[in-house]
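Hi,

Here is the structure I said I would pass on.

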Amino acid sequence: MRVTLPRYYHDFRCLAGACPHTCCAGWEVVLDQDTARYYQSLPGPLGEELRGVMVLEEGEWCLPLAGERCPFLDREGLCRIHRALGEAATSVTCRSHPRFVEEYGSRGQVALAISCPEAARLLLEEPGPLTFLEEDGEETEELDPWDCRARDALWTAWETAQGVLAGEEPLAVRLAMVLVLAGQLQSPLAAGDWEAMEETCALWRRRDFPAAFEDYLAQRPPAAPADLGAVAGFLSTLEVLEESWPPLLAACESALPHLSREDYAAALGEGAEEYGRLMGYFLSRYFLQAVWDLEVLSKVKLCLGLTAVLGALGAADWRARGETTSAARQDLASRLSREIEHSQENLAALEEYLDHIPTEAWLELAGIPVIVLPGTHIRGEVKSEKRGERPAGAPLAAV
Ligand code: SF4
């Protein structure tokens, strides 16, 4: 498998005992089968302790938390299993966190989850736009031919979106461009029209296209801007993973009505590009997942929504403290990630909620007039009626 990974990936070093928020607290570790079997047969006091703690939950062995912390985390914030037996004796989850691999047959994307404070720091302190490396990963089974075509078309689209994000236009314009690109790709993707996807991406990769895009920022039919307060309100209905999250969200909700565009600009301060990299990070985690449900527009809305919520949290924090720092933004990104990215239920619910906010509302929020490019239909947001299925007329033999 050929994998894409962020340029700073190999710079990651776990902070271990110096970590301000160890990943060994707040959620319980699910043991892979090999590790569970190893612990079942481990002799000595540590083996006995492990077997005394392990419980079977829905067919999987877990290490339940003891007072919100892994029972094997010592007072210095270090893992007792790692200390006694070495890293290889820890579970796959423990060994790999915060590394996440999304496999798409012979290609894959690797990310460092920003729920980890050190991963968030590396992302936000990365100089310049987010860039990626390619390396060989483990051998995997290739997808069926139709999914391969969808994956390859989406991969080109993902690279195009990352290229747009790395451009020199103001951040709000670049975010809007990625959203519009996804809107243009949605119908051809749902129809399995790979050529149309390729043509669209080629147009967006043209060097003069950003200028052409801005030229079209002319007409502004009335549209209500996306309501970030409502998004924060929706987030407060989701499952809570950390106790400190609801007060943070409530403070943001009550600050939002008092924040003007100028406040947002001041709150962004020197950190505007950090939000561009956050968007790039979210895209690298979720964009390609449209291979499975053909819903690329909803994936981009999810990425944009997460980025916008982080902007709102940052602005609320700026209003409360009168200053903004990268360290504060890193902390907020980690907290949001822990609440949303580490809960499949929360993530899926948020994607569904954000999908109902029209593109025009996001553009209006960003201060970007709704645009209609010749020959495109971004405002219609035509979607596949067959969510998650191959469209009719795309049998395997035909591709
Ligand atoms: S959250 Fe990150 S830095 Fe902290 S202990 Fe876990 S892997 Fe290490």
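Let me start with strand 4, where Leu-63 is the bridge partner of Val-29. This is a predicted model, by the way, so read everything below with that in mind. Strand 4 covers residues 60–63 and pairs with strand 2 in the antiparallel sense, over 2 bridges.

Put together, that gives an open sheet of 3 strands in the order 2-4-3, with antiparallel pairing. Its edge strands are strand 2 (29–30) and strand 3 (55–57), and each of them pairs on one side only. Which residues of strand 4 make up its covered face, and which its uncovered one? Trp-61 and Leu-63 are on the covered face, while Glu-60 and Cys-62 are on the uncovered one. If you look at the hairpin of strand 3 and strand 4, there are 2 residues between the strands, and Glu-58 takes a positive phi near 50° there.

On one side, strand 1 runs parallel to strand 6 (residues 107–112), joined by 3 bridges. On the other pairing, with strand 7 (residues 132–136), strand 1 runs antiparallel and the count is 5 bridges. Arg-2 takes part in both: Arg-107 stands opposite Arg-2 in strand 6, and Asp-136 is the bridge partner of Arg-2 in strand 7. Val-3, for its part, stands opposite Gly-108 in strand 6. Why is strand 1 largely enclosed by the rest of the structure? Because 4 of its 5 residues (the strand spans residues 2–6) are buried.

On to the ligand. The residues surrounding the ligand are Cys-14, Leu-15, Ala-16, Cys-19, His-21, Thr-22, Cys-23, His-97, Pro-98, Cys-116, Pro-117 and Glu-118. By class, this shell holds 8 nonpolar residues, 3 polar ones and 1 charged one.

Helix 12 (residues 261–268) and helix 15 (residues 296–321) have axes that come within 9 Å and cross at roughly 90°. The two are therefore roughly perpendicular to each other. On the helix 12 side, the contact is made by Asp-263, Tyr-264, Ala-266 and Ala-267, and on the helix 15 side by Gly-311, Gly-314, Ala-315, Trp-318 and Arg-319. Sorted by class, the residues of this contact come out as 5 nonpolar, 2 polar and 2 charged.

Further along, helix 16 (residues 326–341) meets helix 17 (residues 344–355), with axes that come within 6 Å and cross at roughly 95°. Helix 16 and helix 17 are therefore roughly perpendicular to each other as well. Glu-339, Ile-340 and Glu-341 make the contact from helix 16, and Asn-346, Leu-347 and Leu-350 make it from helix 17.

Last, the overall numbers. The chain has 18 helices and 7 strands. How much of the chain counts as buried? The figure is 38% of the 399 residues. As for contacts with a separation of 6 or more, residues 24 or more positions apart account for 77% of them.

Cheers

Terms used
Residues are numbered from 1 along each chain as its sequence is written. This is a predicted model: local features need pLDDT of at least 70, side-chain atom pairs count only at pLDDT 80 or more; totals for chains, interfaces and linings use all residues. A residue is near a molecule or strand if its C-beta atom, placed from the backbone, lies within 6 Å of it. Ala, Val, Leu, Ile, Met, Phe, Trp, Tyr, Cys and Pro count as nonpolar, Asp, Glu, Lys and Arg as charged, and the others, Gly among them, as polar. A residue is buried if 20 or more other C-beta atoms lie within 10 Å of its own, exposed if 12 or fewer, and partly exposed in between; C-beta atoms are placed from the backbone. Two strands pair if DSSP finds at least two bridges between them. Axes are lines fitted to C-alpha atoms, for helices over the stretch in contact, and angles run from 0 to 180 degrees between N-to-C directions. Angles under 35 degrees count as roughly parallel, over 145 as roughly antiparallel, 65 to 115 as roughly perpendicular and the rest as oblique. Two residues are in contact if their C-beta atoms, placed from the backbone, lie within 7 Å.
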